[in-house]
Amino acid sequence: MIANGEISFFRSLAIQGRVLHALLLRELITRFGRDNLGVLWLVGEPMLFTLGVTTLWSAAGLVHGGTGIPIVAFAVTGYSSILMWRNATTQCGAGIEQNKPLLFHRSVLVIDVFFTRIALEVIGATSSFITLSLFFIFLGWMPVPENLLMVVGGWFMLAWFGASLALLVGAGTAFSPLVHRLWHPIAYLLFPMSGAAFMVEWLPKRLQNLVLLLPMVHGVELLRHGYFGNVVRTHYDIGYMAECCLFLTLCGMFVVREASRRIEF
Amino acid sequence: MLSVEHISKVYETRRGPYKVLDDISFSLARGRNIGILGRNGAGKSTMIRLISGAESPTTGRIRRGMRVSWPLAFAGAFAGNLTGLDNLKFVCRVYGVPYKPLVPFIAEFTELGSFLREPVQHYSHGMMTRLAFALSMAIEFDCFLIDEAMIVGDARFHERCHYELFQKRKDRSFILVSHDPNTIRQYCENAVVLSEGRLFTFPSVDAAYAFYTETLERGPPIRAKEV
């Protein structure tokens, strides 16, 4: 099996599974600790953010009457999609730095650190989205989604986009800490353009075309088309978004491989 | 069999690339051992990290035909808010070993008692080192990588480490880095010397020592080997 130092694909897969499991449990405790809510903060934190934003947007009357979109549902779908592409990337940006000592173990790889952090963020954001939606639907503040499959599709695309961006930015930090430093302002600037706080339909035509260059806008539009149905006109091209994600994923994978060669202690 | 084939390691420094190891080859058969001598900065620890797989060589390759440990007693992977037990669990999960049967050994060796369930950030340096060493002993390897400088403690701790390594596991391979002539003479079958990025082999430990002493006397500290 390890006769000349080579190991089989399936054995490698088993090792990676073990490592991911170990990292996942470790990350949960190092991040959230055992005090008070502990691991539940994985869901609690994004929920608090979404609730806060929902309150703010409702108070500010971000959605004018007549659009037919209930503000709570608009805010929950919007802010949850931000969480999907932003948080995994931010977490992976600090991933190598914070987990470097663990890479001392030969079987713990840079990509495992990223997979773990992406998985945690996706789980956290998804649970927060589901919990809040159910809660507000129960209160009658949010409608039931028109087409659940489309919502899931949009959600999946946003997760893919977030994951590929996270790989790229996370691995980029091995080349220059500048990558992580620049990510924060970029994420901040992308927020208002990401389609979370507006529907593409509300923008002038020229702006629409510009905004639709950003892949995540397509995901949010698909998600909202699924949620609100034909109440509002949506603009998205999932083929385009998939191409962008595929391109980012390939670049990410390549940079991750190069990054693991550059790890130094 | 562990074989190191033509490895070089270049680090980027502010003054440009710096070659720490230059075309190094050797192999170690299962059950055999070797000591590495070299003055400060000769690249001994770099070599240990490369062999463990923590870092990759710039060129060349390392074939590990046996299970090679991580650099022994490495404490850097401890997260402050994890307990000693959490750290044991993590290592066990990574290596696919059940942790429960190991708890008595860890508790006994580290002499931590109930502190094993306290966050590592409350540990003293000595407690940390004992835990790190005990974790390295918890997983069974065919070849141990030992950098003696990392195993700092009192005489009793040293004695216990030596017993665990060289008595209980004397059938295993190991690569030992040490400044102490007696340690290598006492435990190693043979020794090599790292000097100015190169590896020198000798027919006996004594011959290696003679050369090593000479490099020490030769004077000025290591020259920067710019590439």
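Two strands pair if DSSP finds at least two bridges between them. Strands themselves are DSSP runs of E with at least two residues, helices are runs of H or I with at least four, and both are numbered from the N terminus.

The model is predicted: local features need pLDDT of at least 70, side-chain atom pairs count only at pLDDT 80 or more, and totals for chains, interfaces and linings use all residues. Residues are numbered from 1 along each chain as its sequence is written, while chains are lettered from A and ligands numbered from 1 in the order in which they are written.

Now the hairpin. Strands S8 (residues 191-195) and S9 (residues 198-201) of chain B run antiparallel, joined by 4 bridges. Leu194(B) has Leu199(B) in S9(B) as its bridge partner. Between the strands of this hairpin lie 2 residues. Glu196(B) takes a positive phi there, near 50°.

The globule rule is 2.2 Å times the number of residues to the power 0.38. Of the 227 residues in chain B, 40% are buried. A residue is buried if 20 or more other C-beta atoms, placed from the backbone, lie within 10 Å of its own.

Chain A has another make-up. Its secondary structure comes to 10 helices and 0 strands. The radius of gyration of chain A is 20 Å, close to the 18 Å that the rule gives for 265 residues, so chain A is as compact as a globular protein of that length. Its C-alpha trace spans about 70 × 45 × 35 Å along the principal axes. Buried residues make up 43% of the chain A total of 265.

How do two of these helices meet? The axes of H5 (residues 110-139) and H6 (residues 148-172) of chain A come within 10 Å and cross at roughly 145°. Axes are lines fitted to C-alpha atoms, for helices over the stretch in contact, and angles run from 0 to 180 degrees between N-to-C directions. Residues are in contact if their C-beta atoms, placed from the backbone, lie within 7 Å. From H5(A), Phe114(A) and Ile118(A) are among those taking part, and H6(A) brings residues including Ala163(A) and Gly170(A).

Terms used. Two residues are in contact if their C-beta atoms, placed from the backbone, lie within 7 Å. A residue is buried if 20 or more other C-beta atoms lie within 10 Å of its own, exposed if 12 or fewer, and partly exposed in between; C-beta atoms are placed from the backbone.
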